[in-house]
Amino acid sequence: MTFRVRFWGVRGSVPMPGASTVRFGGNTSCVEVRVGERVLALDAGTGLVGLGRSLEPRRALEVDLLMSHLHWDHIQGFPFFDPAFRKDALVRIHGSSRFTESFEEAFAGQMGGVYHPVPFRSLPATIEFVSAGGGQTLDLDGQVSVTMADLDHPGGSIGYRIEYAGRSVVYATDHEHFTFVDPALLALAKGADVLIYDAMYTDDEYVGNVGMHRVGWGHSTWQYGVRTAREAGVRQLVLFHHDPFHDDAYLDGIERLARAAFPNTTVAWEGLEIDLLP
Ligand SMILES: [Zn+2]
Ligand SMILES: [Zn+2]
């Protein structure tokens, strides 16, 4: 039995490669979850390119791509995702049309017109779109359950809870807290083993004590991550969707502070793996 989480892209907003981000990584949001024989991918940021290349060329490859939303940093890896170019692959893309006329058209649009040399419609893989959104659940093989919640973010965002063999991981990125923890997120994260949380800012950055005032930009802070983890009773907190200008040394500092408040905290880095089953 396998239930393993691997981080392929941990940045928010824009890829930020370079000497000062080499340890935590520069790719944007993409997290792989292996459950049994299944491959799930949370978001299609530039980290998805590495995930695609890592998939062994086995027959009848199936990937479920669970999309939080359609902002650039979450879709940009898809046009370079190997399985999309394989005739024997089935890619199911789950997403919400709540804030767009058609999720399918919006997703495919990044490969349309002048934006990309290969039109979406000519991709060799079988690609299916599946409606996702708050309150929906997805059952895979009667063994894996995926629960969803709508999160507060400009244009909306979906949080996912994946459960298998009595363990659970929650993916909650591109989410802005209120003056309290969002009840929808609290319910989604209740008792989870791992909570992956949008910790783009510090509280001081968020309110504008450091740099620009960022209230209303759709992101949260590590302090609210700690608060959510405590209130929801989660076992491990993973801080995610790092600000592109938070370099390795800065993220080390955040990890120290966050661990003092919630000891089982990890600042996500590219290549980090978490095994949910012993
Ligand atoms: Zn983002
Ligand atoms: Zn976003």
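Colleague: Which residue of β12 stands opposite Leu195?

Modeller: This is a predicted model, in which local features need pLDDT of at least 70, side-chain atom pairs count only at pLDDT 80 or more, and totals for chains, interfaces and linings use all residues. Residues are numbered from 1 along each chain as its sequence is written, while chains are lettered from A and ligands numbered from 1 in the order in which they are written. Strand β12 (residues 236-240) pairs with β11 in the parallel sense over five bridges, where pairing requires that DSSP find at least two bridges between two strands. In β12, the residue opposite Leu195 is Leu237.

Colleague: On the β10 side, which residue has Leu195 of β11 as its bridge partner?

Modeller: Strand β10 (residues 167-172) also pairs with β11 in the parallel sense, over four bridges. Within β11, Leu195 is the bridge partner of Val170.

Colleague: How many of the five residues of β11 are buried?

Modeller: A residue is buried if 20 or more other C-beta atoms lie within 10 Å of its own, exposed if 12 or fewer, and partly exposed in between, with C-beta atoms placed from the backbone. Val194, Ile196 and Asp198 are buried on one side of β11, and Leu195 and Tyr197 on the other. Strand β11 (residues 194-198) is therefore largely enclosed by the rest of the structure, the number of its residues that are buried being five.

Colleague: What is the order of the strands in the open sheet that contains β11?

Modeller: The edge strands are β7 (137-140) and β13 (265-267), each pairing on one side only. Between β10 and strand β9 (residues 157-164), the pairing is antiparallel over five bridges. The sheet has seven strands with mixed pairing, in the order β7-β8-β9-β10-β11-β12-β13.

Colleague: In the other open sheet, which strands stand at the edges?

Modeller: This sheet also has seven strands and mixed pairing, with the order β6-β5-β4-β3-β2-β1-β14. Each edge strand has a single partner, so one side of each is left without a neighbour in the sheet; these strands are β6 (126-131) and β14 (273-275).

Colleague: Which residue of β14 stands opposite Arg6?

Modeller: Strand β1 (residues 3-9) pairs with β14 in the antiparallel sense over three bridges. Opposite Arg6, the residue in β14 is Glu273.

Colleague: Which residues touch the most other members of the largest nonpolar core?

Modeller: A nonpolar core is a set of buried Ala, Val, Leu, Ile, Met, Phe, Trp, Tyr and Cys residues joined through C-beta atoms within 7 Å. In soluble globular proteins, nonpolar side chains tend to be buried together. The largest core here has 72 residues, and those touching the most other members are Ala41, Val169, Val170, Ala172, Leu195, Ile196 and Leu239.

Colleague: Which elements are included in what covers the buried residues of α5?

Modeller: Helix α5 (residues 222-232) has eight of its 11 residues buried, so it is largely enclosed by the rest of the structure. Those residues are Trp222, Gln223, Tyr224, Gly225, Val226, Thr228, Ala229 and Ala232. Their cover includes α3, β11, α4 (203-207), β12 and α6.

Colleague: Is Gly26 buried or exposed?

Modeller: Gly26 lies in the loop between β1 and β2. Leaving aside neighbours within four places in sequence, its contacts (C-beta atoms, placed from the backbone, within 7 Å) are Arg11, Pro15, Met16, Pro17, Gly18 and Thr21. Because Gly26 has 20 C-beta neighbours inside 10 Å, it counts as buried.

Terms used. Helices (H or I, at least four residues) and strands (E, at least two) are DSSP runs, numbered from the N terminus. Two residues are in contact if their C-beta atoms, placed from the backbone, lie within 7 Å.
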